[in-house]
Amino acid sequence: MVQKNNTEKYFRLRKEFPCFVYENYTVNFSSTELTLGFVFRVEEKYIFNPTLRFPLHIFRKDITAKSLEIFAFHIGMVEMISYWKAFCSPKILVKPGRLNSAQERWWKKLFIHGLGEFFYTNRIEIQGDGLFEFYYSESAPIIEKSNPAHLTEGLIVPVGGGKDSVVTLELFKKSGMPV
């Protein structure tokens, strides 16, 4: 893995793009799948609209609409990470919901550890808790933690096209676990 010192670029991006916004999410059903849509933006110039699809059979039949909303919100938080790293904004405005302090700590830890390769290859050192701060809309509801009991047995493996996804899928398939 080739390292390149992008520390200056990192700080320039943070100054140029001080706020990354998780604007909203949508939840839609068809007869066979759940489709989640997200809107992330930086200023009015950069708008991202990723969509994820999940087969309905991975969810229990008795899943509630509230559980699906919580699930969608948290999937959006994960999806946001890939877009955030293009700007490295020191402020993240989360409009569709409000996290409590324990949830904020958990998400910051996920960002730091989940982007370890990004920070390493770009020679970016994060000082303590200074990666970013969460901010919320006044009307944002408090988000409860997701309840995985509404998923059927098995594993969901996010596939991003890299070798880690393929290796993970193959290891779980060989173990006999439902993926």
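How many helices and strands does the protein chain have, and which residues have the most contacts inside the largest nonpolar core?

Reply: This is a predicted model, in which local features need pLDDT of at least 70 and side-chain atom pairs count only at pLDDT 80 or more, while totals for chains, interfaces and linings use all residues. Residues are numbered from 1 along each chain as its sequence is written, and side-chain values use heavy atoms, with hydrogens and water left out.

The protein chain has 5 helices and 6 strands, where helices (H or I, at least four residues) and strands (E, at least two) are DSSP runs numbered from the N terminus. Along the sequence they follow the pattern α-β-β-β-β-α-β-α-α-β-α. Of the 179 residues in the protein chain, 37% count as buried, a word that means under 20% relative accessible area with a 1.4 Å probe, counting protein chains only.

Now to the core itself. A nonpolar core is a set of buried Ala, Val, Leu, Ile, Met, Phe, Trp, Tyr and Cys residues joined through side-chain atoms within 4.5 Å. The largest one here has 39 residues, and those with the most contacts inside it are Y22, M77, W84, I92, F111 and F134. At least two residues of this core come from each of helix 1, strand 1, strand 2 (33–42), helix 2, strand 5, helix 3 (101–114), helix 4 and strand 6 (133–136). Helix 2 gives the most, with 8 residues. In soluble globular proteins, nonpolar side chains tend to be buried together.

M77 shows what such a position looks like: leaving aside neighbours within four places in sequence, M77 is in contact (heavy atoms within 4.5 Å) with Y22, V94, L99, W107 and F134.

Aromatic rings deserve a look as well, and a search of the whole structure finds 21 aromatic pairs, meaning rings of Phe, Tyr and Trp (its six-membered ring) whose centres lie within 6.5 Å. One of them joins F17 and F87, at 5.0 Å centre to centre with 80° between the planes, and this is edge-to-face, the name for planes over 60 degrees apart. The pair links distant parts of the chain, with F17 in the loop between helix 1 (7–16) and strand 1 (19–29) and F87 in the loop between helix 2 (65–84) and strand 5 (91–94), 70 residues apart.

Conventions: Rings of Phe, Tyr and Trp (its six-membered ring) pair if their centres lie within 6.5 Å; planes under 30 degrees apart count as stacked, over 60 as edge-to-face and the rest as tilted. Buried means under 20% relative accessible area, exposed over 50%, partly exposed in between (1.4 Å probe, protein chains only).
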